[in-house]
Structures are given as structure tokens and as C-alpha cells.
Amino acid sequence: MVSIPMALVDFIPVILYCLSAVMLQKDFYDRMSKGAFALFSAGTIMSIIAGLFKATWKLLFALDLCDFDRLNKAFLPLQSVGFVLAGIALLAMVFVKNKGTSLHSVAPAVYAGTGLFIVLMILGLCGMFLGLSVEAKRRKKISAMVLFIITFIFMLMMGYLSSKNFEKASMNWISEGVNVIGWSIFLIGTKILTQKP
């Protein structure tokens with residue numbers, strides 16, 4: 001069952017990710033090709049919107065106003081595709097030398113199952129964290145690289161927890177805690193990465 005405090009806590013990871021995304025967008029603006037930056041911006045914005053949708057659904061449900069389940073159902077497709085776009089952009093930034101190269105992406109066809117989106121989310125997160133880790137290593141900011149790897153582990157833990165029974169409030173609180181800690185670590189890594197020497 002979702003309580004009001006639990007629903008409010010669900011906004012914290014979204015805010016942490018949003019702050020990190022804005023910092024990264026500002027830092028990567030001159031480092032990415034225009035196409036890669038467009039993908040990165042679109043991907044991070046999609047992921048933020050997905051998080052806001054899910055947190056808002058939980059809050060509306062906890063307040064007993066309504067069960068606007070479409071917000072909940074939109075979460076996985078939006079977040080997974082958002083992470084894929086951001087991951088492609090970060091991999092292009094660190095592995096494609098030609099800054100003039102523009103990237104084009106085709107969104108997957110509308111799909112109702114969750115399996116595809118879980119795969120996309122994992123691939124997107126792999127791309128994001130690999131790209132960020134390589135960039136951190138290039139800047140000789142090893143602590144940021146380590147924090148990005150730890151965040152990736154926390155995101156994998158979130159994937160594992162999402163397969164568990166969320167009828168119990170304790171599972172929801174554990175999931176919220178892992179999510180908040182994971183994105184807090186990500187924000188710290190982002191701050192270290194984007195700090196000017």
C-alpha cells in the first residue's frame with residue numbers, strides 16, 4: 001500500500017536525477033555533437049517526465065483522489081527509451097571522434113509488454129554509465145567514475161526489487177531507499193565530474 005510520505009519520498013530521486021541531468025547537459029553542451037546533445041537532452045527529459053508521472057500517480061493514489069493508472073503505465077516505456085537515448089548520446093560522445101556527426105534514432109514501435117522495455121532500460125543504463133565512466137576516466141576524475149559504477153549497481157538493485165511483491169509497504173520503503181541513495185550517489189558523481197579544475 002502506498003502512503004503519503006512514501007509517495008512524497010518518490011519525488012526525491014526524480015529531483016536528484018533532474019539536478020544531475022541539468023548539470024550534465026550544461027557540461028556536455030560543447031563536448032557533444034548537436035545530434036548527440038539533442039538525444040541526450042531528449043533522453044534525460046523523457047526519464048525525468050517518467051519519474052514525475054510515477055511519483056504523481058503514487059501521490060494521487062495515496063491521497064485517495066484517484067487511481068490514474070495511465071501515469072504508472074507510462075513510466076516504464078518513457079524511462080527505458082529515455083535512458084536508451086541518453087546512453088546512445090554518451091557513447092557517441094566518448095567513442096565517436098567526429099564532432100560533426102549527427103545521430104538519428106528511431107523510437108521503438110508501440111509495445112504493450114514489459115520485457116522489451118526492461119531490456120531497453122538495462123541497455124540504456126549500461127550506455128549511460130559506461131559513457132560517463134569513460135568520460136570521468138578521461139578527465140582523471142576516478143572518484144566520479146567509481147560513483148557512476150556504484151550508481152549503476154544501485155539501478156540494477158532497483159530492477160531486482162521491482163520484480164518483488166510491492167503489496168507490502170516494507171518492500172516499497174526498501175525500494176524508495178535504494179532509489180534515493182542511488183541517485184544521490186549519481187548527483188555527487190556528477191558534481192565531481194562537472195567541477196572545473
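Reply: Helices (H or I, at least four residues) and strands (E, at least two) are DSSP runs, numbered from the N terminus. This is a predicted model, in which local features need pLDDT of at least 70 and side-chain atom pairs count only at pLDDT 80 or more, while totals for chains, interfaces and linings use all residues. Residues are numbered from 1 along each chain as its sequence is written, and side-chain values use heavy atoms, with hydrogens and water left out.

Me: Where is K140, and is K140 buried or exposed?
Reply: K140 lies in the loop between helix 5 and helix 6, and its phi is near 60°, a positive value in a residue other than glycine. Most residues other than glycine have a negative phi. Buried means under 20% relative accessible area, exposed over 50%, and partly exposed in between (1.4 Å probe, protein chains only). Because its relative accessibility is 72%, K140 counts as exposed.

Me: Which loop holds D64, and what is its relative accessibility?
Reply: D64 is found in the loop between helix 3 and helix 4, and its phi is likewise a positive value, near 60°. D64 counts as exposed because its relative accessibility is 70%.

Me: How are helix 5 and helix 6 oriented to each other?
Reply: Helix 5 (residues 115–138) and helix 6 (residues 142–162) pack with their axes 7 Å apart, at an angle of about 165°. Axes are lines fitted to C-alpha atoms, for helices over the stretch in contact, and angles run from 0 to 180 degrees between N-to-C directions. Angles under 35 degrees count as roughly parallel, over 145 as roughly antiparallel, 65 to 115 as roughly perpendicular and the rest as oblique. Helix 5 and helix 6 are therefore roughly antiparallel.

Me: Which residues does N179 contact, leaving aside its neighbours within four places in sequence?
Reply: N179 sits in helix 7 and is buried, with a relative accessible area of 14%. Contact means heavy atoms within 4.5 Å. With its neighbours within four places in sequence left aside, N179 is in contact with P13, M155 and M158.

Me: Against which helices do the buried residues of helix 2 pack?
Reply: Helix 2 spans residues 11–28, and its buried residues include F11, P13, V14, L16 and Y17. The buried residues of helix 2 pack against helix 1 (4–9), helix 3 (34–62), helix 4 (69–95), helix 5 and helix 7 (169–194).

Notes. Expected span 1.5 Å × (residues − 1).
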